Amino acid sequence: MSQEILDGLAVIVNEVAGVPVEDVQPDKAFIDDLDIDSLSMVEVVMAAEDKWGVKIPDSEVKNLRTVGDAVAYIQTATA
Amino acid sequence: MTATISSPAGAPHARIMSVGSYRPERVVTNAEVCELIDSTDEWIRERSGIVERRYAAPDETVVDIAQAAAEKAIAASGIRADQIGFVLVATVTHPYPTPSAAAELAYRVGAIDAAATDISSACAGFCYGVAMAQDMVRGGSAEYVLVVGVEKLTDWVDPTDRSTAFIFADGAGAVVIGPSDTPAIGPVVWGADGEQLDAITMTQSLTDYRDNGGPRFPTLAMKGQQVFRWAVSKMTVVAKEALAKADISADDLAAFIPHQANMRITDAMVRSLSLPAHVPVARDIETTGNTSAASIPIAMDRMLSSGEVPHGGLALTIGFGAGLAYAAQVVVLP
């Protein structure tokens, strides 16, 4: 698990939805734990695409249930 | 030898001369919408910014609603209805494939012998109409053009579909566009992305419904996340291009009037555009809902009547929706 990607994602989640950076941990689910709704999730995804230069299609977004899922996806996509 | 034909001559520029709008009488709260969908007032406010919306009466037709707005715009324009050379009605909810809503509206408002047609560009329809009217006035095919955005979306929305039922509503807005000595409608930036036809579409065609039936009459279906992503990413670029083509900066704007799709889209666009804090942003969706082609002129009328924005100020307008179609331009407010 890349700490760098996790930290970057935490900053994005904080900017989009106001969730405290320290709450954005790998085991947290975006919707159920962090209260990120579907539209905020799109904004998080778009910001992540810009930051890491990756493509996260809509069909993939629903599979990113937890922060850890997103970190792993970005890690693989940038590898 | 072949004779030479003459070419039409138009005005040097075009402008919006007046605006009028009509919001149906019946106010529908989130609580009432939630009688048929599994949702709450709080959820709807958070996801859309909508607090209440207006529904037309069952016997109120698309043309009735359009007429109410058009008559106000014509009265405020200073011209007579019979001087109007073209009537453009942007709508996707007129329940007749033919004849057009525009032909009926032209007759009703007294635009005698005006040419008339409907524009099917959904939520982009009003901005399409303004661009087309500008070209007619400048091209010499009409001196004055009535452009109406009108929808009775409640006829085409499934009130039990929790992804659309709380968003859409009914209403109309109209402008009269005529000649101007100075530039007053900037270059349009427009297009349509048919690759994303399925992002906002109908559950089935009318002919499929006739032949195969099914549980429901065709209604609107929308992929909210896909539309949100497209609107926030692509439409910000289009809005910036409209400013650049008009040769102004966001700082020069007296108003930003985006299609009232969803408050969250508006908020995201404002952030992406880095819109200066002094520029008022249309947020009419809060009490009007999403009225598709009607939303921009309704919001424009409200901002002008309330004194929130000045007559003669510059407004950036951008419409975007099913198609996926979009159009943006900077206009001088009437």
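**View 1. Five-stranded sheet of chain B.** In this predicted model, strands of chain B form an open sheet of five in the order β1-β7-β6-β4-β5, with mixed pairing. Strands (E, at least two residues) and helices (H or I, at least four) are DSSP runs, numbered from the N terminus; two strands pair if DSSP finds at least two bridges between them. β1 (13–22) and β5 (115–119) of chain B are the edge strands, each pairing on one side only. From one strand to the next, the twist averages 20°. Residues are numbered from 1 along each chain as its sequence is written, and chains are lettered from A and ligands numbered from 1 in the order in which they are written. Because the model is predicted, local features need pLDDT of at least 70 and side-chain atom pairs count only at pLDDT 80 or more, while totals for chains, interfaces and linings use all residues.

View 2. β4(B), residues 86–90, pairs with β5(B) in the parallel sense over five bridges. Opposite Val87(B) stands Ala116(B) in β5(B). Helix α3(B), residues 62–77, packs on the sheet and touches β1, β4, β6 (145–152) and β7 (170–180) of chain B; the direction of α3(B) makes about 125° with that of β1(B). Axes are lines fitted to C-alpha atoms, for helices over the stretch in contact, and angles run from 0 to 180 degrees between N-to-C directions. Two residues are in contact if their C-beta atoms, placed from the backbone, lie within 7 Å. Helix α4(B), residues 101–109, also packs on the sheet, where β4, β5 and β6 of chain B are touched. The angle between the directions of α4(B) and β4(B) is about 130°.

**View 3. Four-stranded sheet of chain B.** The strand order of this open sheet is β8-β13-β12-β11 (chain B), and the pairing is mixed. β8 (189–192) and β11 (255–258) of chain B each have a single partner strand, so one side of each is left without a neighbour in the sheet. β11(B) and β12(B), the latter residues 314–321, pair in the parallel sense over four bridges. Ile257(B) has Thr317(B) in β12(B) as its bridge partner. Helix α10(B), residues 295–305, packs on the sheet against β11 and β12 of chain B, with its direction at about 150° to that of β11(B).

**View 4. Two domains of chain B.** The domain assignment, automatic or from a database, gives domain 1 (13–180) and domain 2 (189–332) of chain B. Their C-alpha centres lie 14 Å apart. The contact takes 46 residues from domain 1 of chain B and 42 residues from domain 2 of chain B.

**View 5. Helices α1 and α2 of chain A.** The axes of α1(A), residues 3–17, and α2(A), residues 38–52, come within 9 Å and cross at roughly 135°. α1(A) and α2(A) are therefore oblique to each other, where angles under 35 degrees count as roughly parallel, over 145 as roughly antiparallel, 65 to 115 as roughly perpendicular and the rest as oblique. Residues in the contact include Leu9(A) and Ile12(A) of α1(A), and Val44(A) and Ala47(A) of α2(A).

**View 6. Contact of chain A with chain B.** Eight residues of chain A and 11 residues of chain B make the contact. On the side of chain A that touches chain B, α2 and α3 (58–61) of chain A each supply at least two residues. The largest share of that side, five residues, comes from α2(A).
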